[in-house]
Amino acid sequence: MSSTDHNTPDRHDIGGRANPYQNQRSKPMNDLLATAVAAHGGLDRWNRIKTIRVDAAISGAFWEMKGKANAMSDVRFEVDTTHQRLTMDYLAQDRRSLFQPEQVVLQQPDGTVVDTREDPERSFAGHEFQTPWDDLHLAYFTGEALWTYVNTPFLLTWPGFVCEEIASIEADGETWRRLSVTFPDHIKSHTRTQVFCFGSDGLLRRHDFTIDIVDPTTESQLYAADYRDVDGIIIPATRRAYAPVGDDQIVLVAIDMADITIS
């Protein structure tokens, strides 16, 4: 069963409500966003894509703190590029999760529903950085996170996103131009305002944000590397977030993509 075979709402109707993704059209871009979009493959190519499928290993100390140390050591996820939906298969566990902003679902591979949670963001109320997660917490967080990462920078061209170039910084021997982006309310992501750093080639170098459902006071920096040309779309296949421990750093989150296919 492919990850598009499950029952999901039509993109023009979500639970009887108007779908915010309907008739999605790109808005005019500022210079930095236009440069980044062109460097990652361009809107013409992107607009011919519906899904991106990724085989990956996701690890790091963050998942250990959440009680999910090996949960994503071998996963396949599929990102919808037209509206906010992500499916993840946990290949070593014969289990699947379905993420949408208003609902997360756990299934067996044959589609049998194991568990579901409506309005999943509310389930994080009262959580602290080291609060352990259940499987539905994990499905929601990884859904909104990976969906944002894989759709960047093209996502930022959608109506409702407010983008402003802010002061550049010097990092890793380069000048990084920075784009401050305020997300619209209907898109679930780490926090409303996030900063994307791009190198002189227009490619993403780092993504800066806080995470409202984890700890809104702590800033995270997710580095992007290992750029690959996947049928005309440039995707960073490796991402790392670090945390200081004494004089050293530990890998807080590691995302290593193996096979990437688009359709």
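A word on the ground rules before we set out. This is a predicted model, where local features need pLDDT of at least 70, side-chain atom pairs count only at pLDDT 80 or more, and totals for chains, interfaces and linings use all residues. Residues are numbered from 1 along each chain as its sequence is written, and side-chain values use heavy atoms, with hydrogens and water left out.

Let's start with the overall picture. The protein has four helices and 15 strands, taken as DSSP runs numbered from the N terminus (helices are H or I with at least four residues, strands E with at least two). Of its 263 residues, 51% are buried, that is, under 20% relative accessible area with a 1.4 Å probe, protein chains only. The exposed surface comes to about 11,800 Å², with 46% of it from carbon and sulfur atoms; this area is a Shrake-Rupley value with a 1.4 Å probe. Among contacts (heavy atoms within 4.5 Å) between residues at least 6 apart in sequence, 50% join residues at least 24 apart.

Now follow strand E14 (233–245). On one side, eight bridges join E14 to E13 (residues 215–230), and the two run antiparallel; strands count as paired if DSSP finds at least two bridges between them. Val230 stands opposite Ile233 in E14. The hairpin of E13 and E14 has two residues between the strands, and there Asp231 takes a positive phi near 50°. Strand E15 (residues 248–262) is also antiparallel to E14, joined to it by eight bridges, with Tyr242 and Val251 as bridge partners. In this hairpin, again with two residues between the strands, Gly246 has a positive phi near 65°.

A cavity is a set of points on a 1 Å grid over the protein atoms alone where a 1.4 Å probe fits but cannot get out, and lining residues have an atom within 4 Å of a point. Points are joined across faces, edges and corners, and the volume is the space filled by probe spheres set on them. The count is one cavity of 30 Å³ or more. Its lining includes Trp46, Tyr149, Phe154, Ile234 and Arg239. Helix H4 (135–151) and E14 each give two or more residues to this lining, and E14 gives the most, with five. By class, the lining has eight nonpolar, one polar and one charged residues.

How values were computed
Buried < 20%, exposed > 50% of the residue type's maximum accessible area, 1.4 Å probe, protein only. 1 Å grid on protein atoms, 1.4 Å probe; cavity = no way out; pocket = protein on both sides within 12 Å on 5 of 7 lines; lining within 4 Å. Nonpolar A, V, L, I, M, F, W, Y, C, P; charged D, E, K, R; others polar.
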